[in-house]
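Subject: Structure handover and notes

Hello,

I am passing on the structure you asked to look at, with notes on what was found in it. Please have it open while you read.

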Amino acid sequence: MNMNESIWQSIVNCEPTYDGQYYYAVLTTGIFCRPSCRSRTPKRDNVRIFSSIEEAVQAGFRPCKRCRPDERPYGPDVELVMQMKDLIQRRCHERLTLSAVARQLSISPYHLHRVFKRVTGLTPAQYICRTRITRAMELLKHEHNKSVTDIAIGLGFRSISHFSTVFRQATGQTPSEYRNHAFAHVHDGG
Ligand SMILES: [Zn+2]
């Protein structure tokens, strides 16, 4: 989301009417706030705007302890999903199971599955898979010294064929095709 004058004014004036519509993060502190937060107005150049809590968190920002954007207006379910996504993002290379994740978060696997599906539209397994594929695409594109096998094992896939199957289902290409294609693109200057 891009900054504009009305967004900037809502931050300067701590305008509560915009709460929930977007969040502002401050590069120098690593914190994100709701527009209404009473903390000191940051320098405009240091501010980044996000349309959701998740985007801000994924970009590496932490919620402000003062305005608690992570607690309101969202409830405990969204918070649980954020914790779970964070855990999956950090540990997707391990052989994560739903029950292992649930144990970490001190909650029943059944409840976790239900909440996650309702909030995100994906099952935890689908999300883990998607996260791994996204990682794999980055590695295939940028880590040319790593073989496809290294990447598959490093991301916790059981075998290279399992990796290829899952990757192909998700992207329509085998890992090697994807890598060659991405590589050709880089060298076309595109
Ligand atoms: Zn704040």
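Which residue in strand 4 does Ile31 stand opposite? The residue is Arg62. Please keep in mind throughout that this is a predicted model.

- Strand 1 pairs with strand 3 in the antiparallel sense, over four bridges. Within this pairing, Tyr23 is opposite Phe50 of strand 3.
- Strand 1 also pairs with strand 2 in the antiparallel sense, here over three bridges. Ala25 has Phe32 of strand 2 as its bridge partner.
- Strand 2 (residues 31-33) and strand 4 run parallel and are joined by two bridges.

Strands 1 and 2 form a hairpin, and four residues lie between them. Gly30 sits in the turn, with a positive phi of about 75°.

The zinc site

Which residues coordinate the zinc ion? The donors are the SG atoms of Cys33, Cys37, Cys64 and Cys67, at 2.2 to 2.5 Å. Along the chain, these donors follow the spacing C-x3-C-x26-C-x2-C. The site is tetrahedral, with angles of 104 to 122° among the four donor atoms. For reference, the ideal angle for four tetrahedral donors is 109.5 degrees.

Cys64 counts as buried because its relative accessibility is 8%, and the cut-off for buried is under 20%.

How many disulfides does a search of the whole structure find? The search finds zero. In general, a disulfide is a covalent bond between the sulfur atoms of two cysteines. Cys129 is one case to look at: the closest cysteine sulfur to its own is in Cys92, 10 Å away, so the two are too far apart for a bond. A disulfide would need the sulfur atoms within 2.5 Å. Cys129 has a relative accessible area of 29% and is therefore partly exposed.

Aromatic pairs

The structure holds six aromatic pairs. One of them is formed by Phe116 and Tyr127, an edge-to-face pair with 5.5 Å centre to centre and 65° between the planes. This pair links distant parts of the chain, with Phe116 in helix 5 (residues 109-120) and Tyr127 in helix 6 (residues 124-142), 11 residues apart. Phe116 and Tyr127 are both buried.

Another pair is Phe157 with Phe163: the ring centres are 4.9 Å apart and the planes are at 50°, so this pair counts as tilted. Phe157 and Phe163 are both buried.

Phe157 and Phe163 also belong to a cluster linked by ring pairs, together with Phe167 and Tyr178. Phe157 has a charged neighbour as well: the charged end of Arg132 sits over the Phe157 ring, 5.6 Å from the ring centre.

Positive phi in the loops

Which residues other than glycine have a positive phi? Arg68 and Ser106 are among them.

- Arg68 has a phi near 45°. Arg68 lies in the loop between strand 4 and helix 3 (76-91). With a relative accessible area of 24%, Arg68 is partly exposed.
- Ser106 has a phi of about 55°. Ser106 is in the loop between helix 4 (98-104) and helix 5. Ser106 counts as exposed because its relative accessibility is 68%, and the cut-off for exposed is over 50%.

Regards

Notes
Residues are numbered from 1 along each chain as its sequence is written. This is a predicted model: local features need pLDDT of at least 70, side-chain atom pairs count only at pLDDT 80 or more; totals for chains, interfaces and linings use all residues. Side-chain values use heavy atoms; hydrogens and water are left out. Two strands pair if DSSP finds at least two bridges between them. Rings of Phe, Tyr and Trp (its six-membered ring) pair if their centres lie within 6.5 Å; planes under 30 degrees apart count as stacked, over 60 as edge-to-face and the rest as tilted. Buried means under 20% relative accessible area, exposed over 50%, partly exposed in between (1.4 Å probe, protein chains only). A charge sits over a ring if NZ of Lys or CZ of Arg is within 6 Å of the ring centre and within 35 degrees of the ring normal. Donors are N, O and S atoms within 2.8 Å of the metal (3.2 Å for Na, K and Ca); water is not among the atoms, so sites may look incomplete. Four donors count as tetrahedral if all angles lie between 85 and 135 degrees; four count as square planar and six as octahedral if opposite donors are over 155 degrees apart and all others between 65 and 115; anything else is irregular.
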